[in-house]
Structures are given as structure tokens and as C-alpha cells.
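Hi,

Here is the structure I promised to pass on. Have a look at it first, and my notes follow below.

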Amino acid sequence: KQKTAYEMQRGLVGSEMCIRDRQSRVYAVKINEVLTEIAYKINQYKNGAVESRFFDKNETPGTVDVIFVTADKGLCGGFNIQTIKAVRKLLEEYAEQKETVRIRAVGRK
């Protein structure tokens, strides 16, 4: 049986979605590893096991880096909006303190 153009297109779209799904899983695993490592280091610092200037509280930092992550898949609009609102609030707080802020975003949407 010969496939119609529509069936062939559906097959290509399906295989493309599988490739994207695999790439998304790899990204999700890596970001999970990074966040787990950060959480682990923070927990060690709180327990006094690690001494690092990166975890010391600085009342006058001068420059603040804000990294925020937005979602790309599924029904992510609400999550992204809440993330952006939280970042804006944080930026306003630092603006009141007259701090320099550098922003880095992760995600396409």
C-alpha cells in the first residue's frame, strides 16, 4: 500500500517529535543534576560543612546576577508568567537599593 502525502507528513512529524522529546529529556536530566548540586552545596553550607564566599551573605553586593528559567513544553504559560512576575519584583527591590543587576534567562518562551 502506498502512503498518501498526509500520512508521510504525519510520520515525519512523529519522528521529529520523538527526537525533540529525547532532547528535552537530556536537557531535563542535566538541569536537574545542576540544581541538585546547587541544593546540595547550599545544604552543606548551612550545616557548616563547606566554607565558600559564594554562600556568604553580602549586605552591599554591588552587582547581582539573576538567572531565571522558563519552561518550553506543555501548558507552561502560567508558570512562565509567575516566574517573570517574581523576577520583576526582585528587580524592583534591587532598583530601590540602587544595585546593578545582570539578568540571564534560560528557555525559549
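**What I found**

Arg-102 is partly exposed, with 40% relative accessible area (partly exposed sits between buried, under 20%, and exposed, over 50%, using a 1.4 Å probe and protein chains only). Its partner is Asp-65, in a salt bridge with the closest N and O atoms 2.6 Å apart; the term means a side-chain nitrogen of Lys or Arg within 4 Å of a carboxyl oxygen of Asp or Glu. Arg-102 is in strand S2 (residues 100-106) and Asp-65 in strand S1 (residues 63-69), so the pair ties together parts 37 residues apart in sequence. Asp-65 is partly exposed too, at 45%.

Before I go on: this is a predicted model, where local features need pLDDT of at least 70, side-chain atom pairs count only at pLDDT 80 or more, and totals for chains, interfaces and linings use all residues. Numbering starts from 1 along each chain as its sequence is written, and side-chain values use heavy atoms, leaving out hydrogens and water.

The chain runs α-β-α-β from the N terminus, with helices (H or I, at least four residues) and strands (E, at least two) taken as DSSP runs numbered from that end.

There are three salt bridges by this rule. In one of them, Glu-37 meets Lys-41 at 4.0 Å, N to O; they are four residues apart in helix H1, so about one helical turn separates them. Glu-33 pairs with Lys-30 at 3.6 Å, and those two are three residues apart in helix H1, again about one helical turn.

Of the 109 residues, 10% count as buried.

Cheers
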